[in-house]
Amino acid sequence: MAKVVTMGEIMLRLSTPGNQKYIQATQFDINYGGGEANVAVSLANYGHDAEFVTKVPENPIGACAVAALRKYGVETKHIAKGGDRLGIYFLETGASMRPSNVTYDRANSTASISDFDFDEIFEGADWFHFTGITPAVSDAAAELTEAACKAAKAHGVTVSCDLNFRKKLWTSEKAQKV
């Protein structure tokens with residue numbers, strides 16, 4: 001099977017139970033995920049050699065995020081450690097005619113400020129996947145995504161992108177430019 005590398009921000013998701021609105025909830029369900037992390041888990045479930053690249057804080061929450069990937073067989077050896085916080089998003093699952101609502105709390109998260117050894121990461125890789133969410137996180141994350149794409153190309157790795165535009169993260173004009 002192919003070796004696929006995905007890169008992005010893994011986040012802590014806090015969701016209201018049972019289709020409750022934020023105002024109704026007295027507790028949240030916890031999950032870890034993000035577009036690229038979810039792709040890595042899905043690929044690992046299909047038997048591919050899947051690796052996820054990100055940066056998490058060196059604290060118990062960061063360790064839980066990494067463990068959430070490992071339990072599905074996702075390789076995590078190139079996950080950087082450091083910074084102060086993991087990005088968080090809140091999910092109010094829709095019900096009937098009420099749409100779902102997502103609220104982000106990811107400013108200054110660690111994934112937006114990291115450097116990686118892409119020569120090592122792409123060694124033996126067949127495929128690199130990212131989404132349009134990653135470069136939207138910050139200017140530094142956009143630069144990091146561009147560097148990863150260039151390194152993947154230099155290693156002969158196929159690159160795919162799920163454009164996944166999120167208007168809560170950036171404007172159409174900036175997204176088109178990046």
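1. The largest pocket is lined by 13 residues. Phe130, Pro135, Trp170, Ala175 and Val178 lie nearest its centre. Keep in mind that this is a predicted model.

2. The volume of the largest pocket is about 320 Å³. Which helix gives the largest share of the lining of this pocket? H5 does, with five residues. By class, the lining of the pocket has nine nonpolar residues, two polar and two charged.

3. Now the cavity. Searching the whole structure turns up one cavity of 30 Å³ or more. The space in this largest cavity is about 80 Å³.

4. Look at the lining of the largest cavity. Among its residues are Met7, Gly8 and Glu9, then Thr54 and Lys55. Ala111, Phe116 and Thr134 also line the largest cavity, as do Val137, Ala141 and Leu144. Helix H4 (133-137) and helix H5 (139-154) each supply at least two residues of this lining. Six residues of the lining are nonpolar, three are polar and two are charged.

5. Next, a sheet. Four strands form an open sheet in the order E3-E2-E7-E8, and the pairing is mixed. Strand E3 (29-33) and strand E8 (101-105) stand at the edges. Each has a single partner strand, so one side of each is left without a neighbour in the sheet. On average, neighbouring strands of this sheet are turned by 25° against each other, direction ignored.

6. How many bridges join strand E2 (residues 11-15) and E3? There are five, and E2 and E3 pair in the antiparallel sense. Find Met11: Gly33 in E3 stands opposite.

How values were computed
Residues numbered from 1 in each chain as written. Predicted model: local features only at pLDDT ≥ 70, side-chain atom pairs only at ≥ 80, totals over all residues. Heavy atoms only, no water. 1 Å grid on protein atoms, 1.4 Å probe; cavity = no way out; pocket = protein on both sides within 12 Å on 5 of 7 lines; lining within 4 Å. Points joined across faces, edges and corners; volume = space filled by probe spheres on them. Nonpolar A, V, L, I, M, F, W, Y, C, P; charged D, E, K, R; others polar. Pairing = 2+ DSSP bridges. Axes fitted to C-alpha atoms, helices over the stretch in contact; angles between N-to-C directions.
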